[in-house]
Amino acid sequence: MVGLEQLDYVIDTAQKVWQIKPYRDVRLPSVINNNPIAVDALWTDKGLRPNFNNLAFIVQYCRNVEELNSQKKQLADLPIRGWILITNGHYYLNYYNQCNQLEEEEIESHALASILNSSKSRLFTPKALSEFRTGQLSLGDLEEVISERSFSFILRQRQKLDLAFTEAIKTAINKIPRAKLDFPKDLRYQMEGHTIRVAIAFLSARILEDKGFFSSDSLIPTDDPRKLLNKTVSFTNGFFKRASDSISSLEEFLPQQTDKILQSLAAHLGNSITFALVDHRDVGLLYERAIKELPNNLGGKDWSDLQRHYTPVAIAEKMLELLPLERIRPEERVIFDPAAGSGSLLLAATSRLAGMSDIPEEIKARTQYLANHIAGNDLDEYADLVTKLRYLLAQESLGKNISFPFPNHYTHQDYEQLNKDNFSIKPRVIIANPPFAEDGNTQRAGTFIRTALSWLENGSQFAFILPQSFLTNTTHGLPEVRKLLTDSCQIHEVWQLPEGAVGIDAAQDVCIVSGTINNNSVRFPTIARAVLSRAKIDNTRDSGFLGNTWVAKLNYDDESWSSVTTPIIKISVPTVPLGNIFYVFNGVTPNTTHKPISQCPPNTICKRNWRMKWRDKDRLWADPNIVDINERWIRYGKDFLHTPVMQNSELFDLPKLLVGRKVNRGSRNPLAVQLDTIGFCPDNDVYCVLPVSQVDKYTYRYKKTDQLPDEWNNFSHEDQRLWLLGLLSSKLCNLLSLSGRNTRELSALNFCNLPLPAKVDHRIIENTRKIVERDQQNLPIPEPDELRIQLDKIVEENYGNPRWIEISRTGTPTGLEEWKQERTKSTYIVLGQVLEVSEDNSQIFVYLNGLLDDEQEQWLPILPEMPGWALDGTVFNAELSEDVETFAELKKRPWAIKRFRHRPYSYLTNDELEQKLRIKSLEHFS
């Protein structure tokens, strides 16, 4: 046998042995160079369409030894388990052994079938079709087959696709003329919008082409966007029609540039790149990149198919994954998104339902079930075009034999007009990313929650993406909405995600609240999660990293949700609120016509100016030499100030503490504090703090009290200030200040409620005095700074050395590296149950069956991947890294237990469960 006869022989033999047809002539990405690899035959796990995480085996013919060696190098970089290369009558089998080392052996043609069917073949054979869990789409559900090598390949290829798409858009937009008299800005913005719409459509059509949607025998992709889009329009939905219309608009207004625009897109997205391995997740990421390039000036229905309120797929999948949908009967399990936008939540909902074990198995019944149990709505009539496109691409990623249908129920109504009587289908689960805008003194997200809850009955579930201010704001009706949720629901989870995690060009931190309507009196704890740092935010937006986890408790009549904003630190010693012993007041705001000046004019009352931007973040003393020479003075009086604070005029001249009001809680020191010995008059974003006994004034809501620290009045005002300065500059007090605090401001109420030890420690005063004197002399600060280390230690002693969970506010989020390390490890299944939560909410008493430990129950720290529903004692299955065998090892590596799964059939009565199990056992017996 020679040449192609050898190739056909190997392919036919492998197909007979594995009973799975290969994909022929597939263009795969290459790491070595920019040219895709055209492979002769590719087998995937379970026979699915090729994807980044399902490549199993390749058969390839090489014309000579040079080509053979080149193919070896290229295939070794692919996330594939094995291959056979054929050249000059020789057959070379390559595969990765159990130690992930590449082995090669030459095999004889007559021995091919036995080798492919031998015990070693389990290392590279495509998994049997019978093992396929029908419908799984989520990358999270397929992590078991992703090795560390495969995962790095996926990330590299996504970056390559991202760069190609971004460059395609930018170079195409650069072909549009700059705005001028005969070509106004508005027209240029519209042409940019048309270009981006065409880019998204051409990208999608190229994906379909590389996935074999058009059943073409040609290996050469279509580099002509006009030709490919025209071919696609007749097969698919209206988004491609709108893209074709956009080409017509470009030709009308830019007749000389349109071909150049289309050529730029083809140059980056055509033959030079392959999309054979992408899935709907990759499409979602690329779509997000494209929308970021849209001009902000575009609006109205002409552009409503391009959604700015985009929910990343990874976050959408996490929202659905952590809802206990298993508690709702399959026939009632209808998931509804009333503000569906570009469809991420709908896709995640279909994926979640498709992976459940109690829905129909027969393909036609399964397709009908999925189409009828997901419902979407968006007021805009064009909002579903991209959603339909993404469903189409998802279906193509899975293959024709897997059901992933677009919802049958999709409406275009004002969700505020919906009620239980006019729904086309009754929802039991609401998922949504509603509008965040404010209507006067009402937050629309709060109004949405009231409306959505009115649709649901007891036992129904929800997951909402909300502005993070929802957790803390005391205005816009939000306290009443929080109370409504606390009173009528079991809140399973509250996540806090940083700015940029959700939405396009998002300028707002968000939170995600999920739970179950619960009219019972029993309330279980809530799982809280937070990523506050924006560093490496792609891990959250693109991969679903949710950061630190802790347990919070929301009680009846609890309007404040401070326990979910940050881990509560249990203080075991007596304390007094700061507002009981210190007077807090704001600085001033000069009016726009009387800004700060360098010299005080004659016959004018002036005060020394101070702003927190001038402070040295490593020092505690407010140095007057740091003040801008051109802004040293503020003219003081009713004619010069926007909001004069005349009643505190003389207090500005006294030594005092200055504490930042407008300080992000994500900063290194959310309690930005300075000792002012000069007598500064700060701006309105700074609190001034003086001992009450010195000024005989109390902050609003506070009044004279006997609740004072021991021997408080025996300390001088200077000592009192130094004591408070030492406390506020400590690591512990900075953490205490985060409770109930919003993302960008420290409210006066939060600040005045800060608990201070009820006993004054002289060591804090003396230690702080030394730090201030060092700062005043501008002496160098040693590294490590023993004075600050000692101060932190003394402060912790004064608070009773409490235990706490710290969330990274800057830099790499805590736990990120541990999370990454555990994601690709092989796992085994354990059965578990949370038996108790510790009184301080810092630990859980867990039963785990499957460990090699002598004990099956033990106290553990909060497991970071554990879902909130598990805190009520529901039995769960989970995956545990294979190299963790004891509770002691799990304590050290809590990220090692992951992918928790709810107990199935939890909605069945005892009689129904007994009947089901009896039938199953009979089927097994027969």
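This is a predicted model: local features need pLDDT of at least 70, side-chain atom pairs count only at pLDDT 80 or more; totals for chains, interfaces and linings use all residues.
Residues are numbered from 1 along each chain as its sequence is written, and side-chain values use heavy atoms, with hydrogens and water left out. Local features need pLDDT of at least 70 and side-chain atom pairs count only at pLDDT 80 or more, while totals for chains, interfaces and linings use all residues.

**View 1. Phe165 in the largest nonpolar core.** This core has 75 residues, of which Ile58, Phe165 and Ile200 touch the most other members. A nonpolar core is a set of buried (under 20% relative accessible area, 1.4 Å probe, protein chains only) Ala, Val, Leu, Ile, Met, Phe, Trp, Tyr and Cys residues joined through side-chain atoms within 4.5 Å. Helix α5 (residues 185-210) gives the largest share, 13 residues; helices are DSSP runs of H or I, at least four residues, and strands of E, at least two, numbered from the N terminus. Beyond four places in sequence, Phe165 is in contact (heavy atoms within 4.5 Å) with Ala199, Ile200, Leu203, Leu269, Leu286 and Ala290.

**View 2. Residues of α5 that meet α8.** Thr195, Val198, Ala199, Phe202, Leu203 and Arg206 in α5 meet Ile261, Leu262, Leu265, Ala266 and Leu269 in α8.

**View 3. Asn591 in the loop between β19 and β20.** The strands on either side of this loop are β19 (582-586) and β20 (606-610). Asn591 is buried, because its relative accessible area is 16%. A polar atom of the Asn591 side chain lies 3.1 Å from the backbone oxygen of Asp639. Not counting residues up to four places away in sequence, Asn591 touches Asp639, Phe640, Leu641 and His642.

Technical notes:
Buried means under 20% relative accessible area, exposed over 50%, partly exposed in between (1.4 Å probe, protein chains only). A polar contact is a pair of N or O atoms within 3.5 Å; within protein, one must be able to donate a hydrogen and the other to accept it, and residues adjacent in sequence count only if both atoms are side-chain atoms.
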